[in-house]
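Shall we go through this model together, one question at a time? Have the sequence and the structure open as you read.

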Amino acid sequence: MSLQNFRAIASIYKFELHRFRRTWLTGLLVPVITTSLYFVVFGGAIGSRMTEVEGIPYAAFIVPGLIMMAMFTESIFNASFGIYMPKFTGTIYELLSAPISATETVIAYVGAAATKSLIVGIIIFLTAHLFVDVPVAHPLAMAGFMLLIAVSFCLFGFILGVWAQSFEQLQVIPLLLIMPMTFLGGAFYSVHMLAEPWRTITLFNPIVYLISGFRWTFFGKGDVGIEFSLIFVAGMLAVCIGVIGWMFRTGYRLKK
Amino acid sequence: MASIIEIDGLTKIYPSGFTALKGVDLHIEEGEIFALLGPNGAGKTTMISIICGIARASGGRVTVAGHDIVRDYRGARSAIGLVPQELSTDQFERVIDTVSLSRGLFGKPRNDAHIEKVLRDLSLWDKRHAKILELSGGMKRRVMIAKALSHEPRVLFLDEPTAGVDVELRRDMWKLIGELRQTGVTIILTTHYIEEAEEMADRVGVINKGELMLVEDKTALMKKLGKKTLTVVLADPIGAVPPDLAEWNVTLGADGHEIEYIFDTQADRTGVSSLLRKLGDLGIGYKDLNTRQSSLEDIFVSLVHQEKAA
């Protein structure tokens, strides 16, 4: 841990947010439209034929899952791009030659990506209110959970961006791993709705614990206990921080 | 006083097993312009990359302004401005934003007056709100120099600053480097163009295959290794070199219209006057004489060839 160059952190953070502002229209409009579409399809068309899930109207039930899904994607995409692009264009030389520590670099890049991811999460939350009443049982826990998820997935995205050596590699993990895991992680259903052995198999998917935890902050109950959800988030944070620490110590794919 | 850059026993072995640097020792003095010459793959860029923190050394140590580049990387890097060989820029950003970012990255407080001065000096001020992708290649290189100068470095590394740059821009670049030197900045440049080193450098280092073959004051180097060629333009062409001239080892050129004689300017007797006397004795008339100093390029080529022969 070495924190001194706060000006560098602020400069990168500002520069990255500026990059997001340049594409604010697509950046913010896309989540709003996507969420609305989910509500029209799942909430309106299908949801009207569905009974309540554990006492919660289906349209409201899917809100936490939708927010999580968008935040996973946004966080990974923004953080991985943020560090991959300098590698790709070669501008990383400046970062490597600047008097800035690994910790400072990660705080700046992950901080900026997490900020954008949080904004998207909040926008989806607000958009959902246009369609359904969404009760929030534990508002503080909800905000805290969003923050933890944004930071964890941005750290994960940062690792991905350092690791990736092509645009294809950059895409492969989010599309082939995270997306299916999210869909199968109970974003649109409760794990209790599954029959055995699927219910047990599903419990090996870490995403289940994250979505369940976030749902708990809304409705006061989830598929698994909130304590398990917190353990999984903490575990993910710890693993990501560990991997990033190792990457910087060894110069993995950053330094020759 | 200690040198601004001290490199001792620097080695670099890549994971592939390729040895890019074989124990380089070099001290750079504050305020000088040092030219590092060498063919492609000689280790020039590797050396700069290690000093600036982009690559790791396999052995040896380097200090910049008294700061060890590993233990006290903040101190060392703060003193350095780097302009790499490749044109790498944030294409979609505006000139002024990317230059301001550089200053912040190096931990310097905002200073609009300084940024304006740098941009004006580089003729970029009018383009400050332009996106970088709208600029020409030469302008992009200026942006990279502006980024390096934005944080007021004491040492500036220019890795092949004029590679792929047209003649006019090259002249501009030389002028700029001359002006920078007035401000006391130490400049280390690598180049293929010998004339560039000849034009600007105070000292020249020649690196080949990871070894520093020579470091010398430019004028001393030119003097020491400097040979001159005397060309005698004959009044009437001759078919062969007369045997009487064997002593001077002259060669015949331009279809027998010229005689060329290479001599050492440092020798006690250069042999020029005796050669001319002999020509007179032999009745060979001449209408013009000229001498040419060998350039750094000739010196460089002969050095690299010696190495190959050895």
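**Core, helix and loops**

Q: Leaving aside neighbours within four places in sequence, which residues is B:Val64 in contact with?
A: This is a predicted model, so the contacts here are computed from it. Sequence neighbours within four places are set aside. What remains for B:Val64 is B:Ile4, B:Ile5, B:Ile51, B:Ile69, B:Ala76, B:Ala79, B:Ile80 and B:Val155.

Q: Which residues have the most contacts inside the largest nonpolar core?
A: In soluble globular proteins, nonpolar side chains tend to be buried together. Here the largest nonpolar core has 139 residues. Those with the most contacts inside it are A:Phe158 and B:Val64.

Q: How far apart are the end C-alpha atoms of helix α1 of chain A?
A: Helix α1 of chain A covers residues 6–22, which is 17 residues. At 1.5 Å a residue it should span 24 Å, and the model agrees: the end C-alpha atoms are apart by 24 Å.

Q: Within what arc do the buried residues of α1(A) fall?
A: The buried residues of α1(A) are A:Ala8, A:Ile9, A:Ser11, A:Ile12, A:Phe15, A:Glu16 and A:Arg19. Seen down the helix axis, they line one face, because they fall within an arc of 165°.

Q: Is B:Ala65 buried or exposed?
A: B:Ala65 sits in the loop between β4 (59–64) and β5 (67–68) of chain B, and its phi is positive, near 50°, though it is a residue other than glycine. The cut-off for burial is 20 or more other C-beta atoms within 10 Å. B:Ala65 has 20 C-beta neighbours inside 10 Å, so it counts as buried.

Note on methods
Residues numbered from 1 in each chain as written. Chains lettered and ligands numbered in written order. Predicted model: local features only at pLDDT ≥ 70, side-chain atom pairs only at ≥ 80, totals over all residues. Core = buried A, V, L, I, M, F, W, Y, C linked by C-beta atoms within 7 Å. Buried ≥ 20, exposed ≤ 12 C-beta atoms within 10 Å, placed from the backbone. Contact = placed C-beta atoms within 7 Å. Helix = DSSP H or I, 4+ residues; strand = E, 2+ residues; numbered from the N terminus. Expected span 1.5 Å × (residues − 1). Arc of directions from axis to C-beta.
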